[in-house]
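Dear colleague,

I am passing on the structure below, together with some notes on what came out of going through it. Please read the notes with the structure open beside them.

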Amino acid sequence: MKNIRSSITTLCLLAMVTLGIASCKVEDPFLERDVAPVLVDIVGAPFGAPIASEPTVTYAATATKLTLSARLLELDKTNILDHTKGIDSIPVPNLAIRITLRSGAALGEVTSNADGLVTIDKTWAELGIAAPKAGSLIKISWTGNHKGIAFTRFSQIAAN
């Protein structure tokens, strides 16, 4: 009888400890996360790039002008549960975007047009590469603020 009572007590304690550990929510100590209010779709990146971590747009190393473009879209999830309608992508007009190199050097600030498109023209030299060759890579940041939430989208430019 004493062994049974001891086994039951041990099992109950083990179950409480297991439930206590399983119910803990672990917070990320390094990042506070807000859902980005805007989808920044990098124009010229391969298909699927809007969900990729760093879309890459390729330009010829001999190109004299590089046009950096992105579409800014807000996702309307009103009909997310209706499979006949789904999520709608709405262009975000008049949104200021700051485009920088990852080193912090500013490339410019542009405002989205009525279609949510931002565009800036640069040369390889303005991007920090005087003599580009195949494999040259430039890392870009697209930063803005929409509905009080700051966001940043990373992308890359590659020479071929």
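Two strands are said to pair here if DSSP finds at least two bridges between them. The model is a predicted one, and in it S5 and S8 pair in the antiparallel sense, with five bridges between them. Within that pairing, Ile99 has Trp142 in S8 as its bridge partner.

Strand S5, which covers residues 96-101, is also joined by five bridges to strand S6, residues 106-111, and these two strands again run antiparallel. Here Arg98 is the residue that stands opposite Glu109 in S6. The hairpin of S5 and S6 has four residues between the strands, and in that hairpin Gly104 takes a positive phi near 105°.

Positive phi values also turn up at two residues that are not glycines, and I would like to set them side by side. Asn94, which lies in the loop between S4 and S5, has a positive phi of about 55° although it is not a glycine. Because exposed means over 50% relative accessible area, Asn94, at 65% relative accessibility, counts as exposed. Lys147 lies in the loop between S8 and S9, and for this residue, too, which is not a glycine, phi is positive at about 55°. With a relative accessibility of 63%, Lys147 counts as exposed.

Gly148 is found in the loop between strand S8 (137-146) and strand S9 (149-159), and its relative accessibility of 69% is why Gly148 counts as exposed.

Which residues form a nonpolar patch on the surface? The patch is made of Leu75, Ile80, Leu81 and Ile87, which together have about 430 Å² of accessible area. Of these residues, Ile80 is placed in the loop between strand S3 (66-76) and strand S4 (88-91).

With kind regards

How values were computed. Residues are numbered from 1 along each chain as its sequence is written. This is a predicted model: local features need pLDDT of at least 70, side-chain atom pairs count only at pLDDT 80 or more; totals for chains, interfaces and linings use all residues. Side-chain values use heavy atoms; hydrogens and water are left out. Buried means under 20% relative accessible area, exposed over 50%, partly exposed in between (1.4 Å probe, protein chains only). Patches are made of residues with over 30% relative accessible area and no salt bridge: like charges are joined within 9 Å, nonpolar side chains (Val, Leu, Ile, Met, Phe, Trp, Tyr) within 5 Å. Accessible areas come from the Shrake-Rupley method with a 1.4 Å probe; for residues, only the protein chains shown count as cover. A salt bridge is a side-chain nitrogen of Lys or Arg within 4 Å of a carboxyl oxygen of Asp or Glu.
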